[in-house]
Amino acid sequence: MRDLIAAVFAVVGTVSIWFNFLAYNAIASIILTRSSLHLGLLSSFITIFVAFIARPLGAYVFGVIGDKFSSKTSLVLTLTAMGLSTLLISMVTRAWYTVYELLMLRIIQGMALGGEWAAASVLAYETIRGDVGRLLTSIIQLGVPLGMLLTTLAVIQWRLAFLTGSLLSLSSAAIILALARGVRPIEWRPTLSIEDFKRILKAVGIKFGESSSFYVYTSVFLIYVNEHEIPSLITVAATSLLAFTLLTSIVLTRADPARVLIIGYVLFILVNALMFRIQPLILFILFGLADAIAYTPQSLYLVSLFRSDIRHVGAGVSYHVASSLGGLMTYIIPLLISMYGLRIGFTAIPALLVVSCIVSIIALMI
């Protein structure tokens, strides 16, 4: 029972860590640039950017801690780091003299997010066996859609939202510290073999297609949408992703994660190929469906690729490097559009996303 409660709060902690991370992105771009805090547009987006870079670094640093000591140690540290950094951000009063402090706190947030996903996934995967363990490990992926939905509340009262997110992370850390067992690997090796690097490349390839599609749909594609429709489309996508993530988690108690991933990518290929031929509201529902099927199995599948003594580093670094590469699509496509005009997006966006999904299918089959 202790392990089960700890695994449940690993899920709760993951929701809180994504909420804290995503809420800052929204607040920095919508509120901090326009309010009396006067953070400034450039400074605002620099603080968003540095956290994105910090994610793979955090995946490695906290991954080594998890592999050398335990999932519990890594998870408690990442949740505590996220909780304290978010709490300090909520106390910002005059951003014009706290830009450097915000940069440091955002680096800590990025590193915490980078290490938390693998720690939570491994803890659920290793401590809870059977169908319940598979379900909880899959439900870890609820962090993103729930974080997206809760972010809408942050825009209304951002200080209270940050305070709530901080307390949720810190309380999850306290409960996990009190209840979870520190499962120590049988043997810890400080170096990676050639085979380990091959598995990391495989894992990066598997996630690449889903990451590319997720970031393009939630950023670049919105250029082609009426701005008054954007809030409702994001809400529809998050709700669809949440509902289908839950359904996919239940399916994964019995289904092979690799087969579910292939189904997700085949569906993503079809949706991406027809994206400009589908009404936006229906498109974002289908996006939520495809992303859920391609995203939910990752916590099970990526963790299972690596032996126990490098599971945190292997799964975590792969996850966040693939996310960074997928995020590059949001720079490549606007660059093409700026050079050749908006019309190039009608062919470039579907083509690049279809290719990225094909790359992921190939990685799965190798």
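This is a predicted model: local features need pLDDT of at least 70, side-chain atom pairs count only at pLDDT 80 or more; totals for chains, interfaces and linings use all residues.
**Exercise 1.** How many helices and strands does the protein chain have, and what percentage of its residues is buried?

Solution. 
Step 1. The secondary structure of the chain comes to 14 helices and 0 strands.
Step 2. Read from the N terminus, the order of elements is α-α-α-α-α-α-α-α-α-α-α-α-α-α.
Step 3. Of the 366 residues in the chain, 56% are buried.
Step 4. The chain exposes about 15,500 Å², and 73% of this area is supplied by carbon and sulfur atoms.
Step 5. Among contacts with a separation of 6 or more, 88% join residues 24 or more positions apart.

**Exercise 2.** Decide how helix H8 and helix H11 are oriented to each other, and which residues make their contact.

Solution. 
Step 1. H8 covers residues 194–217 and H11 covers residues 280–295; they pack at an angle of about 155°, with their axes 10 Å apart.
Step 2. Angles over 145 degrees count as roughly antiparallel, and H8 and H11 are therefore roughly antiparallel to each other.
Step 3. The crossing in which H8 passes H11 is left-handed.
Step 4. H8 contributes Lys207, Glu210, Ser213, Phe214 and Tyr217 to the contact, while H11 contributes Leu283, Phe284, Phe287, Asp291, Ala294 and Tyr295.
Step 5. Sorted by kind, the residues of this contact are 7 nonpolar, 1 polar and 3 charged.

**Exercise 3.** Decide how H8 is oriented to helix H10.

Solution. 
Step 1. H10 covers residues 257–273, and its axis is 11 Å from that of H8, at an angle of about 40°.
Step 2. This angle makes H8 oblique to H10.
Step 3. H8 passes H10 in a left-handed crossing.
Step 4. On the H8 side the contact is made by Ile206, Lys207, Phe208, Gly209, Glu210, Ser213 and Tyr217; on the H10 side it is made by Leu261, Tyr265, Phe268, Val271 and Asn272.
Step 5. These residues divide into 7 nonpolar, 3 polar and 2 charged.

**Exercise 4.** Decide how H10 is oriented to H11, and how the residues of their contact divide by kind.

Solution. 
Step 1. The axes of H10 and H11 come within 7 Å and cross at roughly 155°.
Step 2. H10 is therefore roughly antiparallel to H11.
Step 3. Their crossing is left-handed.
Step 4. From H10 the contact includes Val260, Leu261, Ile263 and Gly264, and from H11 it includes Leu283, Leu286, Phe287 and Leu289.
Step 5. The contact of H10 with H11 has 14 nonpolar, 1 polar and 1 charged residues.

**Exercise 5.** Is Leu241 buried or exposed, and which residues does Leu241 touch?

Solution. 
Step 1. Leu241 lies in helix H9, which covers residues 230–251.
Step 2. Its relative accessibility is 1%, so Leu241 counts as buried.
Step 3. Leaving out residues up to four places away in sequence, Leu241 touches Val144, Pro145, Phe214, Gly288, Asp291 and Ala292.
Step 4. Leu241 and Tyr295 are 54 residues apart in sequence, and their C-alpha atoms are 9.5 Å apart.

**Exercise 6.** Is Ile176 buried or exposed, and how many residues separate Ile176 from Ala7 in sequence?

Solution. 
Step 1. Ile176 belongs to helix H7, residues 158–179.
Step 2. Ile176 counts as buried because its relative accessibility is 0%.
Step 3. Ile176 and Ala7 are 169 residues apart in sequence, but 8.0 Å apart in space, C-alpha to C-alpha.
Step 4. Beyond its neighbours within four places in sequence, Ile176 is in contact with residues including Ala6, Phe9, Ala10 and Lys72.

How values were computed. Residues are numbered from 1 along each chain as its sequence is written. Side-chain values use heavy atoms; hydrogens and water are left out. Axes are lines fitted to C-alpha atoms, for helices over the stretch in contact, and angles run from 0 to 180 degrees between N-to-C directions. Helices (H or I, at least four residues) and strands (E, at least two) are DSSP runs, numbered from the N terminus. Angles under 35 degrees count as roughly parallel, over 145 as roughly antiparallel, 65 to 115 as roughly perpendicular and the rest as oblique. A crossing is left-handed if the near helix is turned anticlockwise from the far one by less than a right angle, and right-handed if clockwise. Contact means heavy atoms within 4.5 Å. Ala, Val, Leu, Ile, Met, Phe, Trp, Tyr, Cys and Pro count as nonpolar, Asp, Glu, Lys and Arg as charged, and the others, Gly among them, as polar. Buried means under 20% relative accessible area, exposed over 50%, partly exposed in between (1.4 Å probe, protein chains only). Accessible areas come from the Shrake-Rupley method with a 1.4 Å probe; for residues, only the protein chains shown count as cover.
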